[in-house]
Amino acid sequence: MGKVSVENIQVYAYHGCLPEETLIGSDYRVDVWVEGDLSVSSVSDQLADTIDYVTLCACVREEMATSSKLLEHVAQRILNRIFEANERVDKVNVKVSKINPPIGGHVKAVAVELCEVKKQR
């Protein structure tokens with residue numbers, strides 16, 4: 001078992017419940033950690049045998065491009081997409097942070113973090 005992480009993926013996206021959030025957009029930060037079997041790739045030195053962090057980043061960017069009202073919803077879509085993209089992934093943890101949210105007062109960020117283990121088929 002091993003871990004692969006992609007941290008501080010910066011994305012501009014249009015998530016939120018307020019109409020202006022979906023029109024104006026906001027800055028977001030996404031952090032992803034996955035667990036899976038890296039024993040083959042640690043010996044073979046082949047990209048095809050591992051959990052590719054470029055693919056993880058692409059999954060995040062593509063799902064962040066689809067507007068959601070709730071961060072929970074976009075985080076779950078990212079989780080699902082990562083499981084679909086690589087069969088070696090056994091566990092996904094994703095954290096989606098909205099930078100400078102429009103909630104009154106000075107708040108650096110709000111975040112939602114979801115973690116899921118692959119369902120046995």
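The following conversation goes through a predicted model and asks what lies behind the words used to describe it.

Colleague: What is the overall make-up of the protein chain, read along the sequence?

Modeller: The protein chain has four helices and four strands, and these follow one another in the pattern β-α-β-α-α-α-β-β. The C-alpha trace spans about 50 × 25 × 20 Å along its principal axes, and buried residues account for 40% of the 121 residues.

Colleague: What share of the contacts joins residues at least 24 apart in sequence?

Modeller: Taking the contacts between residues at least 6 apart in sequence, 58% of them join residues at least 24 apart.

Colleague: Which residues of α3 are buried, and what makes you say where on the helix they lie?

Modeller: The buried residues of α3 are L56, C57, C59, V60, E63 and M64. Seen down the axis of α3, these buried residues fall within an arc of 155°, so they line one face of the helix.

Colleague: What do the buried residues of α3 pack against?

Modeller: They pack against β1 (2-13), β2 (26-36), α4 (71-85) and β3 (89-99). On the side of α4, the buried residues are L71, V74, A75, R77, I78, L79, I82 and F83, and what covers them includes β2, α3, β3 and β4.

Colleague: Why is D52 called a cap of α3?

Modeller: A side-chain oxygen of D52 lies 3.0 Å from the backbone nitrogen of V54. A polar contact requires such a pair to be within 3.5 Å, and with its 3.0 Å distance D52 is therefore described as capping the N-terminal end of α3.

Colleague: How do you know how many disulfides there are in the structure?

Modeller: A search of the whole structure finds zero disulfides, and the cut-off for the pair of cysteine sulfur atoms is 2.5 Å. For C57, the closest cysteine sulfur is that of C59, at 9.3 Å, which is too far for a bond. For C115, the closest cysteine sulfur is again in C59, at 16 Å, and that too is too far for a bond.

Colleague: What makes C57 and C115 buried, exposed or partly exposed?

Modeller: C57 has a relative accessible area of 19%, and because buried means under 20%, C57 is called buried. C115 stands at 43% relative accessibility, which lies between the 20% and 50% cut-offs, so C115 counts as partly exposed.

Colleague: What makes S41 buried or exposed, and what is S41 in contact with?

Modeller: S41, which is found in helix α2 (residues 39-44), has 12% relative accessibility and therefore counts as buried. The side chain of S41 makes a polar contact with the side chain of T50 at 3.4 Å, a value within the 3.5 Å limit. Leaving aside neighbours within four places in sequence, S41 is in contact with Q46, D49 and T50.

Colleague: How do you know that β3 pairs with β2 and with β4?

Modeller: Pairing requires at least two bridges, and nine bridges join β2 to β3, which run antiparallel. Nine bridges also join β3 to strand β4 (residues 109-117), and these strands run antiparallel as well. In the sheet, V32 stands opposite V94 in β3, while V92 stands opposite E116 in β4.

Notes. Residues are numbered from 1 along each chain as its sequence is written. This is a predicted model: local features need pLDDT of at least 70, side-chain atom pairs count only at pLDDT 80 or more; totals for chains, interfaces and linings use all residues. Side-chain values use heavy atoms; hydrogens and water are left out. Buried means under 20% relative accessible area, exposed over 50%, partly exposed in between (1.4 Å probe, protein chains only). Helices (H or I, at least four residues) and strands (E, at least two) are DSSP runs, numbered from the N terminus. The arc is that of the directions from the helix axis to the C-beta atoms. Contact means heavy atoms within 4.5 Å. A polar contact is a pair of N or O atoms within 3.5 Å; within protein, one must be able to donate a hydrogen and the other to accept it, and residues adjacent in sequence count only if both atoms are side-chain atoms.
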